[in-house]
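Welcome! Have a look at the structure before you start.

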Amino acid sequence: MKNVLLIRRYAKAFLEYSIENKMVDEGYADLELMTATLNEHRELRNILSQPFVPKSKKENIIKKVFQGQISDNTLKFIDLILEKNHPEILPDIIVIYRELYNEYKNIAVVTITTVVKIDEQRQQHLLRFVKHKIKGDIKIINKIDKRIIGGFVINYLDYQYDASVYTKLRNLEALFTDNLYVKGY
């Protein structure tokens, strides 16, 4: 079971450290690079999460993989996580840091799910459904999901605008499965 409070505490501490050292954007870029690397290399993730691999070996691996690619301050933060024996929560810390970073920079993340990738002009056109709810800059994530059949789904925080064909078909199915027959007519 993941310790959400611990994960949030580490992510918040790194954001505060980044703000103090005027490296908020650099810290974000470093963690994004780490995310991409960890997602790409399953073996690296496995080594970091294994309890029988010594901390010193994990630290050496991290330094060899990331030294020169990420800042020394970020490496110190990763060393701290390894020192406290919490390498398995590193991907979760990065996710929470991303949320805190967006909040700090006043960036609203809007996810638009479609069947095919859409261009910038179409994305801006679809934003009209949620623009009234957003303050600050907008970052659009275009997800591809063939299951929605057609149309689009827009998610922003806890708001969802669902104009997908899948949902419309599901609603029609629910409508027709009700027995509308009234005896006596």
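**Exercise 1.** Decide whether Y161 is buried or exposed, or something in between, and then classify its pairing with F152.

*Solution.* Start with Y161: its relative accessible area is 29%, which makes Y161 partly exposed, because buried means under 20% relative accessible area, exposed over 50%, and partly exposed in between (1.4 Å probe, protein chains only). F152, at 14% relative accessibility, counts as buried. Next come the rings. Rings of Phe, Tyr and Trp (its six-membered ring) pair if their centres lie within 6.5 Å; planes under 30 degrees apart count as stacked, over 60 as edge-to-face and the rest as tilted. The ring centres of F152 and Y161 are 5.9 Å apart with planes at 20 degrees, so this pair is stacked.

Two notes before going on. This is a predicted model, in which local features need pLDDT of at least 70 and side-chain atom pairs count only at pLDDT 80 or more, while totals for chains, interfaces and linings use all residues. Residues are numbered from 1 along each chain as its sequence is written, and side-chain values use heavy atoms, leaving out hydrogens and water.

**Exercise 2.** Count the aromatic pairs, then classify the pair F14 and Y97.

*Solution.* The ring rule gives seven aromatic pairs. For F14 and Y97, the centres lie 5.2 Å apart and the planes stand at 50 degrees, so the pair is tilted. F14 sits in helix α1 (residues 4-20) and Y97 in helix α6 (residues 90-104), so the pair ties together parts that are 83 residues apart in sequence. Helices here are DSSP runs (H or I, at least four residues), numbered from the N terminus. F14 counts as buried at 1% relative accessibility, and Y97 counts as buried at 1% too. Finally, F14, Y28, F77, Y97 and Y101 form one aromatic cluster.

**Exercise 3.** Work out how the axes of α3 and α4 are oriented.

*Solution.* Axes are lines fitted to C-alpha atoms over the stretch in contact, with angles from 0 to 180 degrees between N-to-C directions. Those of helix α3 (residues 42-49) and helix α4 (residues 55-66) come within 10 Å and cross at roughly 150 degrees. Angles under 35 degrees count as roughly parallel, over 145 as roughly antiparallel, 65 to 115 as roughly perpendicular and the rest as oblique. The two helices are therefore roughly antiparallel. As for contacts (heavy atoms within 4.5 Å), L44, I47 and L48 in α3 meet K58, I61, I62, V65 and F66 in α4.
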